[in-house]
Amino acid sequence: MSLPNAHLSDYILGKVVKRPVLRGVALIKRHLQGSEVWFIVLASGVGLIAGVMAALLGHFAHALQALLYGFSPDLRLSALPAIQPWHLIALPLGGAALGLVRFIFPRRTRQPIDVVEANALYGGRIPLRDSLIVSFQTFLSNGFGASVGLEAAYAQLGGGIASKIGQWLDLKRVSLRTLVGAGAGSAIGAAFGAPLAGAFYAFELVLGGYTVAALAPVAAASLMAVLAAQLMNIEPFVIASTAGQSIEISGYLLYAVLGVMCAGVGIAIIRLVASVEAVVRKLPIGDIWRPMIGGLFLMPVAWAAPQALSSGHGAMHLYMAQQAAVVTLLGVFALKLCASVISLAFGFRGGLFFASLFLGSLLGAAFAQIVNQIYPAADLDILNASLVGMAALAVAVVGGPMTMSLMVLEVTHDFNLTAAVVTAALCSSAIIRERFGYSFSTWRLHLRGETVRNARDIGWVKALTAQTLMRKNHTTLPDDTSVAAMREQVPLGSTSRVLLVDGVGDYRGIVLTAEVWIETQETLTPLRELARQTEVYVRPDMDISAIMRVFEHFGVDDLAVVDENHKLLGLLTEKYVNRRYVEELERSQREFFGEM
């Protein structure tokens with residue numbers, strides 16, 4: 001091959017540089033595929049990046065709030081006693097900025113993929129564009145003061161970076177899911193200065209379970225992220241509890257009641273946000289203008305209670321320190337809930353992670369005061385009840401009973417209190433699983449039509465569709481064929497059923513071969529009169545779980561696969577579908593619980 005002299009040196013340099021780089025990348029990939037130690041090193045690196053990104057995001061959002069609302073950087077927006085009315089114009093301006101971002105980066109036909117959805121359905125694959133846009137939108141929403149937290153951005157950015165690195169290294173499915181969990185969990189751990197909570201966030205909310213193989217990489221990532229955040233002067237989330245106070249049996253029982261109460265409140269909050277969001281979508285307001293309108297609605301709420309703005313870090317410390325009256329606590333609870341619902345329903349980006357912590361602390365403090373008023377012998381500590389309520393409501397809304405329990409342990413260093421928190425958290429979790437079955441994030445996926453209840457890998461279920469499972473070598477006859485003609489064409493024992501179509505190929509039912517060969521059957525009878533399941537069939541895009549439900553509901557052995565034009569495509573048998581489901585389930589469990 002001849003090249004012009006001007007390009008010859010570039011060509012040689014490219015060959016010299018490119019080949020060693022490719023060989024180095026290939027060597028790294030081989031080490032990662034076969035070595036658990038190297039995978040832990042990779043996860044640690046991902047955690048370090050996630051910690052730095054979480055710290056930067058938190059710093060920038062807080063700096064933007066200080067600039068817009070005119071307070072000292074050592075304060076928190078939600079801790080301000082009052083806000084000048086003209087500062088509140090930042091809320092609709094933030095909505096306008098968010099609308100501008102949506103105008104510049106119009107949404108595609110699908111919703112952005114979050115870390116839970118990615119690990120449940122797509123084997124940990126998250127488009128980097130989704131992560132960057134969602135994180136930037138969350139930053140704008142929180143930075144301009146909307147009542148949303150940055151936790152969604154932390155998890156999305158950490159998980160998205162981990163996914164991109166894992167895809168570039170061609171990690172296998174189980175390893176990629178673990179790395180995404182490590183990235184998301186480590187970012188959360190960095191934000192709170194709580195490595196254990198970050199690790200269990202990955203296990204419970206992003207991976208959907210605990211495995212020995214995932215323990216070391218997830219823990220290493222979380223520790224490295226917290227270390228990175230501390231080096232960047234991110235203050236750990238610390239709350240002073242009534243340390244060392246013993247809790248009587250009656251206290252545990254009352255905290256269990258608080259956990260049950262928080263479960264009910266959590267379900268109500270999740271449904272309320274979804275209902276208001278559905279109402280707002282029906283309004284004649286475009287997606288671009290909706291956040292700005294929401295900002296206008298937030299202004300009077302913020303003027304009445306600045307504690308309703310942002311995530312609520314400052315407000316939580318404020319109310320835990322001053323132990324306000326029940327009326328004040330419930331009033332702030334209502335205003336904070338109102339602000340969060342408006343923010344999310346009108347299109348501000350974020351989640352309810354810290355909002356649920358703050359709301360739970362208010363609910364717990366109010367609960368303790370009411371119980372002490374009715375039953376003085378209980379003598380519940382208000383601060384401790386706030387912390388128990390904080391964890392219990394967060395479990396109901398976000399999920400992760402061990403995540404929230406360990407977070408309380410790490411922010412208070414109080415082992416006695418942690419036992420009460422675990423009691424309430426488990427009660428809350430049990431009620432949610434029994435009566436609702438979703439967290440805030442999975443409920444929103446459910447409303448979009450996804451069958452995701454947690455982050456367990458069910459992507460293989462989606463991949464096994466009727467199109468991929470059906471047989472095409474079935475016997476087909478026109479529906480006007482007579483019994484005598486079928487006996488000539490289909491000997492007894494050759495097949496157990498025949499599928500019928502009309503003159504244009506439309507599906508018209510199934511005929512059992514044994515029924516046609518009954519001696520008393522009229523030989524001139526057309527097969528259409530013997531047809532079964534004329535209106536019972538499946539579509540080619542239905543997944544194996546839905547197919548099995550159809551088999552169970554109608555109690556049939558065979559199902560035709562029919563397209564939207566009613567054309568016959570193939571045949572499914574219950575025996576084969578069940579066998580394929582068991583095979584894939586066992587394979588998925590081996591990958592999840594086995595070694596990487």
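## Strand pairing and the sheet

In this predicted model, strand S5 (residues 558–562) pairs with S6 in the antiparallel sense, over five bridges. Val 562 has Leu 568 in S6 as its bridge partner.

These two strands belong to an open sheet of three strands, in the order S4-S5-S6 and with mixed pairing. The edges are taken by strand S4 (537–538) and strand S6 (568–573); each has a single partner strand, so one side of each is left without a neighbour in the sheet.

## Helix across the sheet

Helix H23 (residues 544–554) lies across S4, S5 and S6. The angle at which H23 runs to S5 is about 130 degrees.

## Second largest pocket

The volume of the second largest pocket is about 780 Å³. Its lining consists of 34 residues, and those closest to the pocket centre are His 62, Arg 76, Ile 234, Glu 235 and His 313. Two or more lining residues come from each of helix H2 (36–69), helix H6 (151–168), helix H7 (173–192) and helix H12 (313–322). H2 gives the largest share of the lining, eight residues.

## Lining by residue class

Sorted by class, the residues lining the second largest pocket are 17 nonpolar, 13 polar and four charged.

How values were computed: Residues numbered from 1 in each chain as written. Predicted model: local features only at pLDDT ≥ 70, side-chain atom pairs only at ≥ 80, totals over all residues. Heavy atoms only, no water. 1 Å grid on protein atoms, 1.4 Å probe; cavity = no way out; pocket = protein on both sides within 12 Å on 5 of 7 lines; lining within 4 Å. Points joined across faces, edges and corners; volume = space filled by probe spheres on them. Helix = DSSP H or I, 4+ residues; strand = E, 2+ residues; numbered from the N terminus. Nonpolar A, V, L, I, M, F, W, Y, C, P; charged D, E, K, R; others polar. Pairing = 2+ DSSP bridges. Contact = heavy atoms within 4.5 Å. Axes fitted to C-alpha atoms, helices over the stretch in contact; angles between N-to-C directions.
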